[in-house]
Amino acid sequence: MKKGLSKTSLNQLITYGIVIAAYIILQALRSAGMMTSHLAGLLVPMTYYAIAAVALNFCVGILGELSLGHAGFMCVGAFSSAIFSNVFKETLPGGLRFFLAFVIGIAVAALFGFLIGIPVLRLKGDYLAIVTLAFGEIIKNVLNAVYLGKDSKGFHVSMTNSMALGMEEDGKVIINGAMGINGTPRDANFTIAVIVLLIVLFIVQNMINSRDGRAIMAIRDNRIAAESVGINITRYKMLAFTISAAMAGAAGVLFSHNISTLQSTSQYFGYNVSILILVYVVLGGIGSIRGSVIAACILYLLPEMLRSLNKYRMLIYAIVLIAMMIINWAPAAREMRERFFAKFRKEAV
Amino acid sequence: MLSFLQYLISGLSLGSIYAIIALGYTMVYGIAKMLNFAHGDFIMIGSYVIFTVVTTLSGGSIPGLLVAIVCCTLIGVTTERIAYRPLRGAASPLAVLITAIGVSYFLENLALLVFGSDTKSFTPVVSWSGLVLADGKLRIQGVTIITIIVSIVILIALQTFVNKTREGQAMLAVAQDKGAATLMGINVNRTISITFAIGSALAAVAGALLCSAYPSLTPYTGAMPGIKAFVAAVLGGIGSIPGAMIGGLCLGIVEILSKTYISSQLSDAIVFGILIIVLLVRPTGILGKNIQEKV
């Protein structure tokens, strides 16, 4: 029993080790001037895609439900934290402000995850995927049309234009409709991003190996059997979905504090982004947290390394994704693999 | 009042296009029990084929449409054979859905590679300029009328096919119970292939009509209409052919009216809001049947 425990904790330590080693190598390369400024600028995005991939993998691989709305949770986290940072830009010191921005971004994303989870988790499979996609698109579209301003009297919200806010002289527009949020302090850097990634990994890995995590995976493997041994299905599904949304929100906070103009466009928060993150998750291995981190980092940086392949990159990802799904999940492929390994085992004996 | 009528008619036209796409969705979902996420991209491929035949080969619209129907049918059947059939009966229900997303991703990026990311201006398939009623105050475009007529013809043809022919009866049997259908001597694989062929052919027709009404073509043209058509299929009751028609029409009208009277930016949000409400209040849709889950 004890041996098994140490094995899982060793497994966890390997993941942290890989992240820290990669961080040290990349930082060393950067300080040695061996990295173009373009590449250095990709380090923070790479990390938040890794966080988003871990968040989605927790939903797909551990909870067993496909969400296509994680870009929406990123969007909520990004906007709520950017609003906070803009309001307190002058009044709070940088470090404390960014920490509180994280707290707010994560809390708001978790709240949205919880509220959306109530209706969504009553569905399953295809319907759940499409409805999460629908929620993600709704979030994106609404944030694209909303105007928010603040003056001495407090906040003003409008859906028409910035003039309709009706603010005092000292008023400042924070969300300018489709123009988004301008001038968020660029608090995010690679070190903070990696620390957030490590915290997320710590939470997820411990969660998976806890009583709660085993309950969630039991629901994934057989809902009816899990229910009959007394696992509260709704509670654990909500728990997992909310945590997953909160982590996507953390990725969103990093996003909004690493970009000068935050806009709620399809390029950043459309369902295509959710699908891109899903590609990272599937290629890294569904259910493998470490795989998600590695896949997200490599697949994000790869086009920069191999510029000649850039044109074909997405096409190759798609083919690999389809091939992996068939090899891993097709009944015929599984049978073949089992037969192969059985033969192998016999020879070994 | 006349302007409202005008919007209602363009809503009907858009709704008819959604209906044609939704018919393909609903048949595939009803019979193969899978969400073909790539269905919207079949539309896009069909439109590019027509565009190539008309513009590059200067071959005319009708031959273009025929070539597109053949191409889409082939793509649909091939996709099913290569990507979806091996996963039938997979342990995880997500496997085939993720594969379908992969196929969608593949087709979009293939089109991006072959045709480029620039917007192509599509030559409308329908050249008839349409009707002018009420002393020029009410203008109905030719493509609008053709779209509505085509969708009704397709609906009647499909209903007849499913209810009156042997192949159609086989589809109903497979939809109800694959195992029992096999025992009755029905070739399930063949039946599902035929379903994909019909669905994909309809996608080509929908592509021609969609791009005639909204003549700008990019690799992502089909994605959003595809998802909205799925919403329409769910709204009407997935698996039901008349349901897809009703759902499509409702959705098209709601979309155009909300674009006009509420906000053009929020119309997508409203359409998706309908999906959420339908799934919460009546998950089986307007005409769907209720199926109890068995242990």
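**Entry 1: A:Lys140**

I began with A:Lys140, which counts as buried because its relative accessibility is 7%; buried means under 20% relative accessible area, exposed over 50%, and partly exposed in between, with a 1.4 Å probe and protein chains only. The model is predicted, so I kept to local features with pLDDT of at least 70 and to side-chain atom pairs at pLDDT 80 or more, while totals for chains, interfaces and linings use all residues. Residues are numbered from 1 along each chain as its sequence is written, chains are lettered from A and ligands numbered from 1 in the order in which they are written, and side-chain values use heavy atoms, with hydrogens and water left out.

I placed A:Lys140 in helix H6 of chain A, residues 125–145. Helices are DSSP runs of H or I with at least four residues, strands are runs of E with at least two, and both are numbered from the N terminus. Leaving aside residues up to four places away in sequence, I found that A:Lys140 touches A:Ser264, A:Thr265, A:Ser266, A:Phe269 and A:Gly270. Contact here means heavy atoms within 4.5 Å. I also looked up a C-alpha distance: A:Lys140 and A:Val76 are 64 residues apart along the chain and separated by 8.6 Å.

**Entry 2: A:Lys237**

Next I looked up A:Lys237, which sits in helix H10 of chain A, residues 233–256. Is A:Lys237 buried or exposed? A:Lys237 counts as buried, at 7% relative accessibility. Its contacts, not counting residues up to four places away in sequence, are A:Leu63, A:Glu65, A:Leu121, A:Ile219 and A:Arg223.

**Entry 3: A:Ser260**

I then went to the loop between H10 and strand S5 (261–262) of chain A, where A:Ser260 lies. A:Ser260 has a relative accessible area of 44% and is partly exposed. Which residues does A:Ser260 touch, not counting those up to four places away in sequence? I found A:Ile181, A:Asn182, A:Gly183 and A:Thr184.

I followed strand S1 of chain A (residues 147–151) to strand S2 of chain A (residues 154–158); the two run antiparallel and are joined by 5 bridges. Two strands pair if DSSP finds at least two bridges between them. S1(A) and S2(A) form a hairpin, and 2 residues lie between them. I checked two positions in this pairing: A:Tyr147 stands opposite A:Ser158 in S2(A), and A:Lys150 has A:Phe155 in S2(A) as its bridge partner.

S1(A) is also joined to strand S3 of chain A (residues 172–176), by 4 bridges and again antiparallel. In that pairing A:Gly149 has A:Val173 of S3(A) as its bridge partner. How many of the 5 residues of S1(A) are buried? I got 4, so S1(A) is largely enclosed by the rest of the structure. As a reminder to myself, side chains in a regular strand alternate between the two faces of the sheet.

**Entry 4: chain A as a whole**

For chain A I noted 15 helices and 5 strands. The radius of gyration is taken over C-alpha atoms, and the globule rule is 2.2 Å times the number of residues to the power 0.38.

Of the contacts in chain A with a separation of 6 or more, 72% come from residues 24 or more positions apart. Chain A exposes about 16,100 Å², and carbon and sulfur atoms supply 65% of that; the areas come from the Shrake-Rupley method with a 1.4 Å probe, and for residues only the protein chains shown count as cover.

**Entry 5: chain B as a whole**

Chain B comes to 11 helices and 4 strands. Its radius of gyration is 19 Å, close to the 19 Å that the globule rule gives for 295 residues, so chain B is as compact as a globular protein of that length. I noted a C-alpha box of roughly 65 × 45 × 35 Å along the principal axes, and buried residues make up 56% of the 295 in chain B. The accessible surface of chain B is about 12,300 Å², with 67% belonging to carbon and sulfur atoms.
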